[in-house]
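Please examine the sequence and the structure shown below before reading on. The briefing then treats the architecture, the core and selected residues in turn.

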Amino acid sequence: MTHPTPIRAAEQVVAIEAARAYVADIGVIDLTNAGTLAGHLMAAETLLMQIAAAFEEPTERGDR
């Protein structure tokens, strides 16, 4: 693994903090409401994809 540039490190922190803030803001979930559960799962998936993208190794061309 290469050392992240300051910009990549900042992207990583932003992605992790966005996920942390989302989870902290959820509160009590009505487990009988399938729509709410699906919404939280989709949001979590999006946040996890953003975290994974922030930690991907750059390609040889330098893009991500």
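The points that follow describe the model from the whole chain down to single residues.

The structure is a predicted model. Its protein chain contains 2 helices and 0 strands, and 11% of its 64 residues are buried.

**Overall architecture**

- The helices are α1, which covers residues 6-26, and α2, which covers residues 34-55.
- Among the contacts in the protein chain with a separation of 6 or more, 64% are between residues 24 or more positions apart.
- The accessible surface of the protein chain amounts to about 5000 Å², and carbon and sulfur atoms account for 67% of that surface.

**The nonpolar core**

- The largest nonpolar core is made up of 5 residues, namely Ala15, Ala19, Leu47, Ile51 and Ala54.
- Helices α1 and α2 each contribute at least two residues to this core.
- Helix α2 gives the most to this core, with 3 residues.
- Leu47, a member of the core, touches Ala18, Ala19 and Tyr22 when residues up to four places away in sequence are not counted.
- Of these partners of Leu47, Ala19 also belongs to the core.

**The salt bridge**

- The count of salt bridges in the model comes to 1.
- This salt bridge joins the side chains of Glu17 and Arg20, with a distance of 2.9 Å from N to O; the cut-off for such a pair is 4 Å, so the two side chains qualify.
- Glu17 and Arg20 both lie in helix α1 and are 3 residues apart, which means that about one helical turn separates them.
- Glu17 is classed as partly exposed because its relative accessibility is 38%.
- Arg20 is likewise partly exposed, because its relative accessible area is 48%.
- Both values fall in the partly exposed class, because that class lies between the limits of 20% for buried and 50% for exposed residues.

- Ala53 is located in helix α2, which runs over residues 34-55.
- Is Ala53 buried, partly exposed or exposed? Ala53 counts as partly exposed because its relative accessibility is 30%.
- How far apart are Ala53 and Gln12 in sequence and in space? The two residues are 41 residues apart in sequence, while their C-alpha atoms are 8.7 Å apart in space.

Technical notes. Residues are numbered from 1 along each chain as its sequence is written. This is a predicted model: local features need pLDDT of at least 70, side-chain atom pairs count only at pLDDT 80 or more; totals for chains, interfaces and linings use all residues. Side-chain values use heavy atoms; hydrogens and water are left out. Helices (H or I, at least four residues) and strands (E, at least two) are DSSP runs, numbered from the N terminus. Buried means under 20% relative accessible area, exposed over 50%, partly exposed in between (1.4 Å probe, protein chains only). A nonpolar core is a set of buried Ala, Val, Leu, Ile, Met, Phe, Trp, Tyr and Cys residues joined through side-chain atoms within 4.5 Å. Contact means heavy atoms within 4.5 Å. Accessible areas come from the Shrake-Rupley method with a 1.4 Å probe; for residues, only the protein chains shown count as cover.
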